[in-house]
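Dear colleague,

I am passing the structure below on to you, together with some notes on its geometry. Please read the notes with the coordinates open beside them.

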Amino acid sequence: MTEIYDENAVVLLAHGDGGRLTRELVDQIFARHFNNALLQPLADAALFNSPGGRMAVTTDAFVVDPIFFPGGDIGKLAVCGTVNDLAVSGARPLYLTASFILEEGFGLADLERVVSSMAAACGEAGVKIVAGDTKVVPAGHADKIFITTSGVGVVPGGVDLGYHRPEPGDVVLVNGGLGGHGLTILAARENLGLEGALASDCAPLNLVTAPLLEKCPGVKIMRDLTRGGLAAAAAEIAGACGLDFYFREPLIPVTEEVRGAAEILGLDPLYLANEGKFMAVVGRDNAGLAVELLRQTPYGRDAAVIGEVRPGTGNVYLETGLGGTRILDLPAGNPLPRIC
Amino acid sequence: MISGIVQGVGFRPFVYNLARSLGLKGTVCNSGRGVLIEVEGREELVHRFIAGVRSDPPFLARISNCSVTSQPLRGYETFEIIPTRGSATGESVVPPDVATCPECRREMLDPADRHFGYPFTNCTRCGPRFTIIKSLPYDRAYTSMAGFAMCADCAREYGDPSDRRFHAQPVACPACGPGVWLVDRLGNVLEGDWLERARNLLAGGKIIAVKSLGGFHLACNGLDPAAIGLLRRRKGRPARPLAIMCRDMEVVKENCRVSPVEEQLLQSPSAPVVVLEKKPSSNLPEALSPGLSTVGVMLPYTPLHLLLLKTGPPVLVMTSGNPTGLPLAAGNREALATLSGIADYFLLHDREIVNRCDDSVVQVVDGQTQFFRRSRGYVPWPVMVNTGDVDPGETVFLGAGGDMKNTFCLFKAGRAYLSQHIGSVDNLEGLNNYQTAMEKFFQLVQARPAVVGYDLHPGYRTAKQARSLAAGAVGVQHHHAHMASCMAENGLDGDVLGIILDGTGYGLDGRIWGFELLRGGYLRFTREYHLAYVPLPGGERAVRNPWITAVAYLTGAMGDDGYGLAEKIFADRLKELPLIARMLERKVNAPPASSCGRLFDAVSALLGICRENTYDGQAAIELGEKVPAVFSGPLEPYPFRIEGDTIGVAPLFVALVRDVMDNDVAPEHIARRFHDTVIAMVVEAAERARFKSGLNRVVLSGGCWHNRYLLTGTCRVLREKDFTVYTHGKVPPGDGGLALGQVMVARRKWLHQPGG
């Protein structure tokens, strides 16, 4: 028999999915205790003034399973993830630190493969790992390797991004096909037999954001589309701005491979994680230029305007053309069927 | 003082005429609490008058209370209807819409009558009500007739207490009322006689969007398979049954079996769609309800329908005028915008539809009426609820309903006002419709909720939306609400056993439930028995693809052997099967479900009846077609096993699939034995629960009870075992009745909370 109304007071996996529960955990525990002005925006990175100019700092932990996957590995991910958080905050990433938690028994050859991959990613992104730490835990107390990276960057003069910037009439764009990373990891971890067609999009986004910020006026806010995908990122920005985002489904780039595999698995590419994609809100007059600039970069060839900002109350809508207007919101655990 | 539904139903003229016929003197008027009558005369005559008021009120009226007190004589000299005293609020309730009455029908078909051929003819006994009323009091000024000034003839009838149009608020005639016109997709008006042209277009196979009473219908010739096919293609509805409207009872009886109860329903003032058995001799095209032995039939319920059907095709498809997934279109411009991809022409009029209201749909099972959808013709009549306790504050409760087949429910002073069918609330359009319908409904019922009962499903938009409307909120488990709904409409309190067979509902363990034996009452419940869980690979994708659920059941019951059988039975899915198996093994996006709907899905797919659902419940409905409409026994179940609180299905699938693979066993036989198994499972669970609890009352709720064989069989076997069995007759057993249960549970919990 089932207990009626028992209270779950433990950490759930869904607390880490980037959705509603993650938000609650951060708000109700971390942000409440760490409460300070720099943390408050709960953005990808914190921006602060230093004698040398505006700086950005961020940190991220990586626990991906499997650690090697098509399109990347945990090392490349650990570099790109932190670089990307700095990049979408408007900063030019400079230096990273890396700390490693290694499980007893983890192959040294694999470790070296991960670390050399990190070095290669640093080379591409133009950053350096300048400090590090290593801990080893008994077998079973971690899964092979966990990496935490932190990064600092400088914010070029004139860059002003944030929730205060978007306004009705602005457009929203993304730099390419969505959902590839999340699906690739799932397919590889569960050995679903889909791997051939899929690859992670893991990439350093500063190569894409730097030219955009440099040459295109009217960039209002950027966000990388990691856990929870486009839906979670857009819902968070729309909610914080108090504006509605209207996306048009046919405009949103999703590759055929991702679309097909997601359909079979019953998953929605708009909620799947990316590691080399971001969304940007840009003034309408600069939309054409922004897309053109993105398309000239190595990781923005499929960039597209996907929708617009309208006055509203902080919701994200997807105009499907057929079957009405879907509401995209923060995911809350795995989606459960509602239809009967 | 008479309270109840007594305003806007011809109550005062009825009182006036009754009093005058008895030679009594006095007054009658509407007041804030109902209808106030003062009557003087010989005692015996006054008693006859009171008895007459009580026993024979206008059929739209619902008297909830009639209190009589003695007052000093005033010495009235006549009997008069006098102006409203105070504001007409409080207990007065908006009546539902009423099908055209015989007298209006006669008048509009009589060339000598001034209403001849007029599509908006009505009187106090019929016509639009709920769909045209903006707010109370029910007065023409607060309806969408406000803009139409009455001509002298109509005004005379409206003002004459002896006329049947006395104070008929929507009264209208060709000289002063709304008009009809026909346009093409671009909105260009077609000149000439709209009726003649519309009939010809329908006869020629065209699709017309017809603005009806509560919204648009998509109409085409119901005897023309090509026209039906076209409508299906354009609406993207390959298989879902389409309702038809027949010219008259004769046409219905030519094509369908009609019992006296069904005939009465068809001709009732509510005029619902009645699901009828097709006759073998029927000339109705198969395309109306592919694979089904039944068809949904209604009779013309507005003058416009009567005119359309009088000549021309005697059978019209009249399906809801909405693109799939969107709310029913109600405005002219809205219809042109949303239906121009489906309809060739639009039959429009200028009487605004204030409250959209879909057709009601019922079936008769074993002589009992059962709602698929309770809407036009019934809403906003309240369900009277015997609450069995006292709430001095008379708190108003809202039941938010579910996200699918939504209705909501407002509870005030012992009455549960269920809303019209809102339908699907999973997109912005549906959510906006839900929101505006609630606001309008609050106005008409003149109550705003203080506390809302909502479903626990974390993805339900209705729950989130409704919670923002009230200060208090009580989460109500989906199937607890179903159980409470059946208890409420049967006037039960205390503890019962609830057998809930359903599609999808969020359980207290965070999983999908839908095959439960619950024990308890409004305040609390325990889940005594449930079906074993099965993973649904792909979540909602499995719900849309019953063959996937079948694979899950087969591998769950028989492991690798089951997978081997799946490869044989679903040989056309070999490419996808390994992935499904992998998802099952690794539990990749495969939420576990314990649901009767999924069990039916799986068996339907295994029997090759339906492998993909193109509409809600298709696989289960088509499986139900393979068994007789009424259970006649004996019960021949496949084996199953109850262990602890779990009803195991492995033995069922082993035996069933053996029959499936055996060409000598007819699918009908397997289908019947499967149904018998479900009956045996719930009866066995009920007996065990009765043994433990001593409870003997059983309520049956949940969408699967639309299955007639299942319902009649379970009732019969339970009653043979001396259970007292209660079923749904006033609200749908499925999610259309959920909100009633939500208010009942929320109310009891709210009133019983510590310090509450």
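What follows is a short account of some helix packing and backbone features.

Please keep in mind throughout that this is a predicted model.

On the H15(B) side the residues in contact are B:Trp547, B:Ile548, B:Val551, B:Ala552, B:Thr555, B:Tyr563, B:Ala566 and B:Glu567, and they meet B:Leu577, B:Pro578, B:Ile580, B:Ala581 and B:Leu584 of H16(B). Sorted by class, this contact has 11 nonpolar residues, 1 polar and 1 charged.

From H15(B) the contact takes in B:Tyr553, B:Leu554, B:Ala557, B:Met558, B:Leu565, B:Lys568 and B:Ile569, while H19(B) contributes B:Ala650, B:Phe653, B:Val654, B:Val657, B:Val660 and B:Met661. The residues here divide into 12 nonpolar, no polar and 1 charged.

Helix H19 of chain B, residues 650–661, also packs with helix H17 of chain B, residues 596–606, where the axes come within 11 Å and cross at roughly 25 degrees. Since angles under 35 degrees count as roughly parallel, H17(B) and H19(B) are therefore roughly parallel to each other, and H17(B) passes H19(B) in a right-handed crossing. The contact is formed by B:Leu599, B:Ala602, B:Val603 and B:Leu606 from H17(B), together with B:Leu652, B:Phe653, B:Leu656 and B:Val660 from H19(B). By class, the contact comprises 8 nonpolar residues, with no polar and no charged ones. You will find B:Phe653 and B:Val660 listed both in this contact and in the one that H19(B) makes with H15(B).

Turning to chain A, helix H1, residues 20–34, has 15 residues and reaches 20 Å from its first C-alpha to its last, which is close to the 21 Å expected at 1.5 Å a residue.

In chain A, the peptide bond from A:Asp65 to A:Pro66 is cis, with omega near 5 degrees, and A:Pro66 lies in the loop between strand E2 (53–62) and strand E3 (68–69). In chain B, the peptide bond from B:Gly633 to B:Pro634 is likewise cis, with omega near -5 degrees, and B:Pro634 sits in the loop between helix H18 (618–624) and strand E28 (641–643). Finally, B:His167 has a positive phi of about 55 degrees although this residue is not a glycine, and its place is in the loop between helix H4 (152–159) and strand E6 (180–184) of chain B.

Methods: Residues are numbered from 1 along each chain as its sequence is written. Chains are lettered from A and ligands numbered from 1 in the order in which they are written. This is a predicted model: local features need pLDDT of at least 70, side-chain atom pairs count only at pLDDT 80 or more; totals for chains, interfaces and linings use all residues. Side-chain values use heavy atoms; hydrogens and water are left out. Contact means heavy atoms within 4.5 Å. Helices (H or I, at least four residues) and strands (E, at least two) are DSSP runs, numbered from the N terminus. Ala, Val, Leu, Ile, Met, Phe, Trp, Tyr, Cys and Pro count as nonpolar, Asp, Glu, Lys and Arg as charged, and the others, Gly among them, as polar. The expected span of a helix is 1.5 Å times one less than its number of residues. Axes are lines fitted to C-alpha atoms, for helices over the stretch in contact, and angles run from 0 to 180 degrees between N-to-C directions. Angles under 35 degrees count as roughly parallel, over 145 as roughly antiparallel, 65 to 115 as roughly perpendicular and the rest as oblique. A crossing is left-handed if the near helix is turned anticlockwise from the far one by less than a right angle, and right-handed if clockwise.
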